[in-house]
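Biologist: I am new to this structure. Could you walk me through it, one feature at a time?

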Amino acid sequence: MSNGAEPFAIASSVHNQALALELDWLAAVLQLRLEQHFQQHAEGFEAAPAPPELPADSALACIICEHGLDAAERLVLALALAPHLRPEVLDLLFVRNQNLDRGFTEFGGWKGQRHGGFLPTGETAAFLLAGADLTRRIALLAQFDPQHPFGRRGILKLDADADAEPQLAGALQLSAEALQRLSTGVWHKPDYNARFPAKLITTALAWDDLVLAPDVFEEIDAIQVWLRHGPALMHEWGLAKSVKPGYRSLFYGPPGTGKTLTATLLGKAANVDVYRIDLSMIVSKYIGETEKNLARVFDQAQSREWVLFFDEADALFGKRASASSSNDRHSNQEIAYLLQRIEDFPGVVILATNLRANIDEAFSRRFQSMIYFPMPDAEQRLRLWRGMLAQPGRLAPDVDLETLAERYELAGGAIVNVLRYAAIQARRQNREHISASDLRQGLAKELRKEGKTV
Ligand SMILES: Nc1ncnc2c1ncn2[C@@H]1O[C@H](COP(=O)(O)OP(=O)(O)OP(=O)(O)O)[C@@H](O)[C@H]1O
Ligand SMILES: [Mg+2]
């Protein structure tokens, strides 16, 4: 149509243009390989068309560049994309072997339950890249090694459900996240559900807003250095020989002292996502399914380099001792599994708890640091009060923050609550300023919550 009135017209993105070029290339290679196969000349891979030049700012070009993918790897990726984006390209592979009245073994492939087209397997990739050439076929296997970027970064894998069958018989599976990234340019963030019991945590605050004692900061800084330079220390400095990968830290201290905030800021500063797993939920609710769900979190976290933040970690330390009911035994098993995964995790894991009392030696040996978050002192409380008011002019002249900070021993979390309550009081009475009395009421309410009086 030339008048521009197409009802469903939307602009094709640069990502889609790159995918289309790559799929055109796959179609051309497939066509050529089939011709070679049926004309019985075994060689001729050199004759295959070169991979296309892609728009540099497309997600596909980025992934290729990021992992240094060569033509063979690009072809496997294009093959994994085909059922999602252009399934009919693979229909040519349905051709039957007349002599045997069945499909060709060398094309591989399988039939889905609902998908009508040809679903590629490792064998299909081998047909495209190796044919009867054993050396090429063996080289292809390296693409499905867990250490290959495809596996390590959770891009694609061979489904390994049937143990007794050859590896290349596994279905070629592109991850939902990779498809999303390739088509939109952004990594999709898995949402919270029972099958994925981890939630992305973020904050609008910055390092400068964090108020901690200097010795706590020093310990936090060690984690930050590890986040930035861990891989270099392990590989370039050769620490991998003696040091277990990853960094495990326990944050403990009273509620509202900034444990969660610090974990979130660590991720923000290093530009990695922080995912929070609520252990009390895991241990009590998802008995049975837990291992599988946790495995999902760890696998994703590993391939995407997330920081894992386990909150309410006392659920983990408390339950180990007795195993009277079968539920307890079950959760003991899960805890053992979780500890093992935490110990083997190559990234940063932070566990947080309010209680330190029942953490035994066996646990503490596994942590690289145990960081105590104390209640803030008067000077820190004043910084907290001041830092939380984006507009100091909102305070009425009768408010004396120095005295408030001096007199009331509150953690940062409680100070936020007081401020919120006081602001609501002021707004309710149509005042533009928070008065000393608003704050006093908020303080009284907060202290009552903590079982104290003003
Ligand atoms: N040390 C701090 N520096 C700056 N702000 C803080 C600090 N501690 C707490 N806050 C404020 O209080 C809020 C709640 O703190 P946070 O959730 O980090 O506490 P927590 O130690 O994780 O508590 P809990 O043990 O109850 O989980 C933060 O989002 C922040 O606004
Ligand atoms: Mg917390």
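## Reading the chain

Modeller: Start with one residue and its surroundings. Leaving aside neighbours within four places in sequence, Glu 22 is in contact with Pro 52, Leu 54, Leu 60, Ile 64, Arg 74 and Ala 78. Keep in mind that this is a predicted model.

Biologist: In which helix is Glu 22 found?

Modeller: Glu 22 is found in helix H1.

Biologist: Is Glu 22 buried or exposed?

Modeller: Compare its relative accessibility with the cut-off. Buried means under 20%. Glu 22 has 2%, so it counts as buried.

Biologist: How do I read a charged pair?

Modeller: Side chains of opposite charge can pair when their charged atoms come close. Here, the side chains of Arg 74 and Glu 22 meet in a salt bridge, at 2.8 Å from N to O. Arg 74 lies in helix H3 (residues 71-85) and Glu 22 in helix H1 (residues 14-38), so the pair ties together parts that are 52 residues apart in sequence. Both Arg 74 and Glu 22 are buried.

Biologist: How many salt bridges does a search of the whole structure find?

Modeller: The search finds 16 salt bridges. Take Arg 386 and Glu 402, whose side chains meet at 2.8 Å, N to O. Arg 386 lies in helix H15 (residues 378-388) and Glu 402 in helix H16 (residues 401-407), so this pair ties together parts that are 16 residues apart in sequence. Arg 386 counts as partly exposed, at 45% relative accessibility. Glu 402 also counts as partly exposed, at 43%.

Biologist: Which residues are linked in a network of salt bridges?

Modeller: Arg 394, Arg 427 and Glu 432 are linked in such a network.

Biologist: What is the distance between the closest N and O atoms of Arg 96 and Asp 101?

Modeller: They are 3.6 Å apart, and the two residues form a salt bridge. Arg 96 is partly exposed, with a relative accessible area of 46%. Asp 101 is exposed, at 54%.

Biologist: Where does Asn 430 lie?

Modeller: Asn 430 lies in the loop between helix H17 (412-428) and helix H18 (436-449). Asn 430 has a positive phi of about 55°, although it is not a glycine. At 62% relative accessibility, Asn 430 counts as exposed.

Biologist: And a glycine with positive phi?

Modeller: Go to the end of helix H7. Just after H7, Gly 185 takes a positive phi of about 85°.

Biologist: Which residues of helix H7 are buried?

Modeller: In helix H7 (residues 176-184), the buried residues are Glu 177, Ala 178, Leu 179, Arg 181 and Leu 182.

Biologist: How do I read a loop residue such as Gly 116?

Modeller: Gly 116 is found in the loop between strand S2 (102-103) and helix H4 (122-129). At 52% relative accessibility, Gly 116 counts as exposed. Not counting residues up to four places away in sequence, Gly 116 touches Phe 94 and Lys 111. Gly 116 and Pro 87 are 29 residues apart in sequence, with 9.0 Å between their C-alpha atoms.

Biologist: Now the surface. Which residues form a negative patch?

Modeller: Asp 215, Glu 218, Glu 219 and Asp 221 form a negative surface patch. Glu 218 has its place in helix H8 (residues 214-235). At 61% relative accessibility, Glu 218 counts as exposed.

Biologist: Which residues make a nonpolar surface patch?

Modeller: Leu 134, Ile 138 and Leu 141 make one of about 280 Å². Leu 141 is found in helix H5 (residues 134-141). Leu 141 counts as partly exposed, at 30% relative accessibility.

Biologist: How many helices and strands are there in the chain?

Modeller: There are 18 helices and 10 strands. Of the 454 residues in the chain, buried residues make up 43%. The accessible surface comes to about 24,200 Å², and 52% of that belongs to carbon and sulfur atoms.

Note on methods: Residues are numbered from 1 along each chain as its sequence is written. Chains are lettered from A and ligands numbered from 1 in the order in which they are written. This is a predicted model: local features need pLDDT of at least 70, side-chain atom pairs count only at pLDDT 80 or more; totals for chains, interfaces and linings use all residues. Side-chain values use heavy atoms; hydrogens and water are left out. Patches are made of residues with over 30% relative accessible area and no salt bridge: like charges are joined within 9 Å, nonpolar side chains (Val, Leu, Ile, Met, Phe, Trp, Tyr) within 5 Å. Accessible areas come from the Shrake-Rupley method with a 1.4 Å probe; for residues, only the protein chains shown count as cover. A salt bridge is a side-chain nitrogen of Lys or Arg within 4 Å of a carboxyl oxygen of Asp or Glu. Lys and Arg count as positive and Asp and Glu as negative; His and the chain ends are not counted. The place of a charge is taken as NZ of Lys, CZ of Arg, CG of Asp or CD of Glu. Helices (H or I, at least four residues) and strands (E, at least two) are DSSP runs, numbered from the N terminus. Buried means under 20% relative accessible area, exposed over 50%, partly exposed in between (1.4 Å probe, protein chains only). Contact means heavy atoms within 4.5 Å.
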